[in-house]
Amino acid sequence: MFAAVVFSRWKARGAMDWDIQVCTVDQRKPRPGDEELGFGQVFTDHMFIMNYDEDCGWHDPRIVPYGPMSFEPSVASFHYGQTIFEGMKAYGCPDGRALLFRPGDNARRLNATAERMCIPSLDEELFVNAVKKTVAVDRQWIPSAPGTSLYIRPFIIATEKYLGLKPSSSYKFIIIMSPVGAYHGRGLTPTRIYVETEYVRSVRGGTGEAKTGGNYAACLKAEARAAKMGYDQVLWLDGQQRQFVEEVGSMNVFFKIGDQVITPPLGGTILAGITRDSVIKILREWGVAVKQRRISIQELAEAHESGSLQEAFGTGTAAVITPIGQLHWDGLTMDINEGQTGELTSKVYDTLLGIQTGRIEDDFGWTVEVPVGAETSG
Ligand SMILES: *Cc1c(COP(=O)(O)O)cnc(C)c1O
């Protein structure tokens, strides 16, 4: 045991030297057909695991069969929510390649989240290699129908067996993967959004810009209430004045007003979406004026009233782009673009998904190929 630990630690010196052990299943599970896929319901044959403890740092990276893990009831993450995650996808291309989208950005963001939640940082190159290798091992799980993908969920949980309130001294970094269906199966369908005026998602100085479990638990109540009233998602307003727009559900949000596109700035209370950043860059490439600035719900209502609020959409890895067809705020119902998907919204969606799936030339250098044979080499 001691020898193994020392070996791993020695291996950790050079990022490229990380030796990921692979233990594969004897028999693979049957895969559901592409048309049966939902979101995050079935998982591939394997998962990646790596441990952290104070003596050795991160060590023993390995790919093992996907399955239940056992923990003592006292482990810290069950009690105080010291858990963080990422969300990304591998896309199958028409020419047979498998592409990741900006995986280095997920690595950087995981570390930014980790820093906020007192979790030790990870080697970013190891993160990307771990994702590549885990995808390569389960490559046959990447669905191929248009709009489908392999969703990748890297996460870190605190595993110290201790009820005292302090940062855990041990962690596990795990990657699980799930083939997901076409989110916009029958084309982009605009959603109806309830503007939340009672509950808030985050405040300045809080954890709103961290991808940490507690943020999502805190959102469930408002989302459940909006769903009960027949809305698809909640639009969050700022935690202090309930005035400024923040995000939609777990997506960043964009509004086309006149010939400008406006999205709330990254001020610490919203998630720095990689899709958000990509959309800003694509729009600017097209010469569209994009402003990152605070925008109040009152201003949106006035723009709607005057007819200048032309389009609205959410951005995030899961659905890529989600058109917003209606906003309901405090008794006022605002239909956007007559409840239809806007022209710019469609164009952004087609372009971004085209780049992600290798059907459109990637001039930005965002896509990263999963090497064939990576499942067997170190
Ligand atoms: C993950 C997430 C997003 C979207 O980020 P992407 O990198 O675009 O997937 C937006 N808002 C919240 C709250 C999120 O958790």
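The side chain of Thr317 has an N or O atom 2.6 Å from an oxygen atom of the ligand. This is a predicted model, in which local features need pLDDT of at least 70, side-chain atom pairs count only at pLDDT 80 or more, and totals for chains, interfaces and linings use all residues. Residues are numbered from 1 along each chain as its sequence is written, and side-chain values use heavy atoms, with hydrogens and water left out.

Polar contacts here are pairs of N or O atoms within 3.5 Å.

| Side chain | Ligand atom | Distance |
|---|---|---|
| Thr317 | oxygen | 2.6 Å |
| Arg109 | oxygen | 2.7 Å |
| Lys211 | oxygen | 2.7 Å |

Taken alone, the ligand exposes 380 Å², of which the protein buries 96%; accessible areas come from the Shrake-Rupley method with a 1.4 Å probe.

The ligand is surrounded by 14 residues, each with a heavy atom within 4 Å of it. Lys211, Tyr216, Glu247, Thr275 and Thr317 are the closest. By class, the shell holds four nonpolar, six polar and four charged residues, with Asp, Glu, Lys and Arg counted as charged and Gly among the polar.

The ligand takes up the space of the largest pocket. A pocket is an open set of points on a 1 Å grid over the protein atoms alone, where a 1.4 Å probe fits, with protein on both sides within 12 Å along at least five of seven lines.

The chain is divided into domain 1 (3-181) and domain 2 (191-356), with bounds from an automatic or database domain assignment. Their centres, taken over C-alpha atoms, are 29 Å apart. In domain 1, 20 residues are in contact with 22 residues of domain 2, contact being heavy atoms within 4.5 Å.

Notes:
Polar contact = N/O pair within 3.5 Å; in protein donor to acceptor, adjacent residues only side chain to side chain. 1 Å grid on protein atoms, 1.4 Å probe; cavity = no way out; pocket = protein on both sides within 12 Å on 5 of 7 lines; lining within 4 Å. Sits in = over half its atoms within 2 Å of the grid points.
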